[in-house]
Amino acid sequence: MSTPLSTPPEELLDAALRHELRWEAPPELTNRLLQLVPGTVPVAIAENPPLPRWRLYLAIALIAALTLASMLGVSYLYQLVWFQLGAVQFVTQLEALPARLLQTLYETMPFARELTSLIALIRTQLHWLLLALVLWIILDNWQAEFQVRRS
């Protein structure tokens with residue numbers, strides 16, 4: 001059974017909102033604003049001593065330790081699932097699949113070896129062409145930036 005509230009929920013919500021929406025200006029900002037007005041006295045600011053550095057180092061060490069522990073836990077669970085599902089055999093079959101497909105292709109079409117070597121040669125030449133194109137773009141942009149700086 002619930003007991004009736006002494007104040008209505010609307011007033012509780014209103015009081016909570018008023019409390020949360022209250023904002024106090026930092027003393028540094030208040031002093032800077034007061035300096036803009038002639039003849040005002042600055043507000044005294046209580047100096048807060050800086051936090052010790054060991055707290056920062058402790059927090060960094062704790063975050064690193066928790067991150068490492070969570071990564072180790074996840075990797076352990078991943079490894080358990082990986083071996084339970086038999087994924088190792090599946091991956092070894094996938095690794096052997098391209099060799100089997102090429103062997104089947106070579107057996108069914110005798111000219112496939114020459115075609116494959118020609119495609120590999122063209123691929124190598126295209127890699128060099130792509131490298132030259134990337135270098136040309138980099139040098140062209142560098143020349144444009146150099147001319148803009150010069151003028």
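Is D14 buried, exposed or partly exposed? With a relative accessibility of 37%, D14 counts as partly exposed, where buried means under 20% relative accessible area, exposed over 50%, and partly exposed in between (1.4 Å probe, protein chains only).

Before going further, a word on what you're looking at. This is a predicted model, so local features need pLDDT of at least 70 and side-chain atom pairs count only at pLDDT 80 or more, while totals for chains, interfaces and linings use all residues. Residues are numbered from 1 along each chain as its sequence is written, and side-chain values use heavy atoms, with hydrogens and water left out.

How confident is the predictor? On the pLDDT scale (the predictor's confidence in each residue, from 0 to 100), the chain has a mean of 85, and 91% of its residues reach 70 or more. Confidence is lowest in helix 2, at a mean of 83, and highest in helix 3 (residues 53-84), at 91. Where pLDDT is low, the predicted coordinates should not be read in detail.

Now the overall layout. The chain has five helices and zero strands; here helices (H or I, at least four residues) and strands (E, at least two) are DSSP runs, numbered from the N terminus. The radius of gyration is 36 Å, well over the 15 Å that the globule rule gives for 151 residues, so the chain is more spread out than a compact globule. That radius is taken over C-alpha atoms, and the rule is 2.2 Å times the number of residues to the power 0.38. Along the principal axes, the C-alpha atoms fill a box of roughly 95 × 75 × 40 Å. Buried residues make up 3% of the 151 residues. The accessible surface comes to about 14600 Å², with 70% of it belonging to carbon and sulfur atoms; areas come from the Shrake-Rupley method with a 1.4 Å probe, and for residues only the protein chains shown count as cover.

Back to D14, then. Side chains of opposite charge can pair when their charged atoms come close. The structure holds one salt bridge, meaning a side-chain nitrogen of Lys or Arg within 4 Å of a carboxyl oxygen of Asp or Glu. D14 forms it with R18, and the closest N and O atoms are 3.2 Å apart. The two sit four residues apart in helix 1 (residues 9-21), so about one helical turn separates them. R18 is exposed, at 61% relative accessible area.

Next stop, helix 2 (residues 27-36), where you'll find N31. N31 is buried, with a relative accessible area of 10%. Setting aside neighbours within four places in sequence, N31 is in contact (heavy atoms within 4.5 Å) with P42, V43 and I45. P42 lies in the loop between helix 2 and helix 3 and counts as exposed, at 52% relative accessibility. From P42 to G86 is 44 residues in sequence and 74 Å in space, C-alpha to C-alpha.

Finally, helix 5 (residues 112-150) holds I119, which is exposed at 52% relative accessible area. I119 belongs to a nonpolar surface patch along with M109, F111, L115, L118, L121, I122, L126 and L129, and together they have about 870 Å² of accessible area. Patches are made of residues with over 30% relative accessible area and no salt bridge: like charges are joined within 9 Å, nonpolar side chains (Val, Leu, Ile, Met, Phe, Trp, Tyr) within 5 Å.
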